Amino acid sequence: MDFAPAPRARASADLLTSTPARVAAGAVGAAAAGLVYSTVIERNAFTLRHATLPVLEPGSSSLRVLHISDIHMMPNQHLKQAWISELASLEPDLVINTGDNLASPAAVPAVVQALDGLLARPGMFVFGSNDYFGPKPKNPFKYFKKDHKRSHGEPLPWQDLRAAFTERGWLDATHQVRELEVAGVRIAAAGVDDPHIGRDRYETIEGRPNPLAQLRLGLTHSPEPRVLDRFAADGYDLVLAGHTHGGQLCLPGYGALVTNCHLDRSRVKGVSNWGSTMMLHVSAGLGTSPYAPARFACRPEATLLTLTASKNGGDDSSVGETLPQLESTMS
């Protein structure tokens with residue numbers, strides 16, 4: 001004779017068997033929602049950041065610098081191209097591009113077209129590894145090892161991109177010291193090739209920049225401390241860099257998991273002091289590798305820096321963010 005379990009016993013058994021299933025289903029659902037959000041929504045939620053940095057010589061007029069980096073353009077990324085095109089409406093005094101513009105050999109026309117309005121403004125650039133070599137699939141856990149072996153994808157047409165930039169008037173700062181006057185501010189600038197893949201040769205630009213300059217500006221793609229230390233020792237006021245993607249995948253309340261270089265996590269994006277006299281700005285960038293097309297708690301960005309005169313030569317920085325002046329759009 002079969003005996004059915006009592007109602008209370010049956011309810012308890014159902015609870016024991018169904019709770020783990022519900023937990024598992026909830027975890028799968030949350031993971032799926034997170035994947036959709038990071039790959040479809042946040043990856044395309046472009047934003048404009050703002051910061052005010054008192055790095056100019058006393059008495060200097062202010063200078064508006066647009067810092068863009070890590071576009072990682074694919075030819076079919078029309079939303080990104082349209083958003084970048086809108087940045088020209090800001091009419092910055094100077095545009096700085098710190099590299100990793102390409103993610104495809106066919107992307108040069110898309111990059112140049114997106115930057116068309118900005119190429120009409122004074123500008124300078126250095127390249128990153130993803131201007132020279134295409135992306136390729138990688139084990140994501142390698143990024144937790146700062147000295148992992150680098151592997152390169154197919155060569156990219158960086159010479160074509162450089163020619164397009166320089167023909168429009170942008171200055172290549174790679175291993176060169178450049179002097180120019182923009183909006184009444186005299187600038188001495190110098191840059192290095194990408195330290196992330198060992199292409200930097202700081203000795204080609206070493207030495208103190210022109211003491212008559214009102215801004216001494218350094219450029220590098222990857223913000224490697226060994227390079228930043230040399231810029232600081234030579235008396236530069238500000239260094240602009242990219243490469244880190246701001247961590248790309250961040251945890252709310254914790255921040256970036258990795259920086260993909262030897263920079264510490266606290267400086268993975270935004271403004272920080274480097275030593276007692278130099279400031280650093282690291283852009284979280286506008287793109288991702290096509291093999292890791294996700295961002296979480298780290299929106300793609302460009303930054304409008306307002307450089308002002310230092311009042312007393314001390315640490316009187318005023319750094320902050322406002323709502324984007326350009327609408328963040330998604331499709």
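**Strand pairing and nonpolar cores in the predicted model**

The secondary structure of the protein comprises 6 helices and 14 strands, taken as DSSP runs (H or I of at least four residues for helices, E of at least two for strands) and numbered from the N terminus. The model is predicted, so local features require pLDDT of at least 70 and side-chain atom pairs pLDDT 80 or more, whereas totals for chains, interfaces and linings use all residues. Residues are numbered from 1 along each chain as its sequence is written, and side-chain values use heavy atoms, with hydrogens and water left out.

Of the 331 residues in the protein, 49% are buried (under 20% relative accessible area, with a 1.4 Å probe and protein chains only). Among contacts (heavy atoms within 4.5 Å) between residues at least 6 apart in sequence, 76% join residues at least 24 apart.

An open sheet of 6 strands shows mixed pairing in the order 1-14-2-3-4-5, where pairing requires at least two DSSP bridges between two strands. Its edges are formed by strand 1 (47-56) and strand 5 (171-172), each of which pairs on one side only. Strand 1 runs parallel to strand 14 (residues 301-309) over 9 bridges; arginine 49 has threonine 303 of strand 14 as its bridge partner. Helix 5 (residues 158-167) lies across strand 3 (94-97), strand 4 (123-125) and strand 5.

The largest nonpolar core contains 34 residues, and Leu66, Ile84, Leu87, Leu115 and Phe165 have the most contacts inside it. Such a core is a set of buried Ala, Val, Leu, Ile, Met, Phe, Trp, Tyr and Cys residues joined through side-chain atoms within 4.5 Å. At least two residues of this core are supplied by each of strand 2 (63-68), helix 2 (78-86), helix 3 (108-114), helix 5 and strand 14, and helix 3 provides the largest share, 5 residues. Beyond four places away in sequence, phenylalanine 165 touches Asn97, Asn101, Val111, Leu115, Leu119, Phe125, Phe127 and Trp170. Another core, of 24 residues, lies apart from it and includes Ala51, Leu94, Leu180 and Met279.

Strand 8 (residues 215-219) is largely enclosed by the rest of the structure, because 5 of its 5 residues are buried. Leu215, Leu217 and Leu219 lie on one side, and Arg216 and Gly218 on the other. Strand 8 pairs in the parallel sense with strand 7 (residues 185-191) over 5 bridges, and arginine 216 is the bridge partner of alanine 188. Strand 8 also pairs in the parallel sense with strand 9 (residues 238-241), over 3 bridges; there, glycine 218 is partnered by valine 239.

Conventions:
Axes are lines fitted to C-alpha atoms, for helices over the stretch in contact, and angles run from 0 to 180 degrees between N-to-C directions. Buried means under 20% relative accessible area, exposed over 50%, partly exposed in between (1.4 Å probe, protein chains only).
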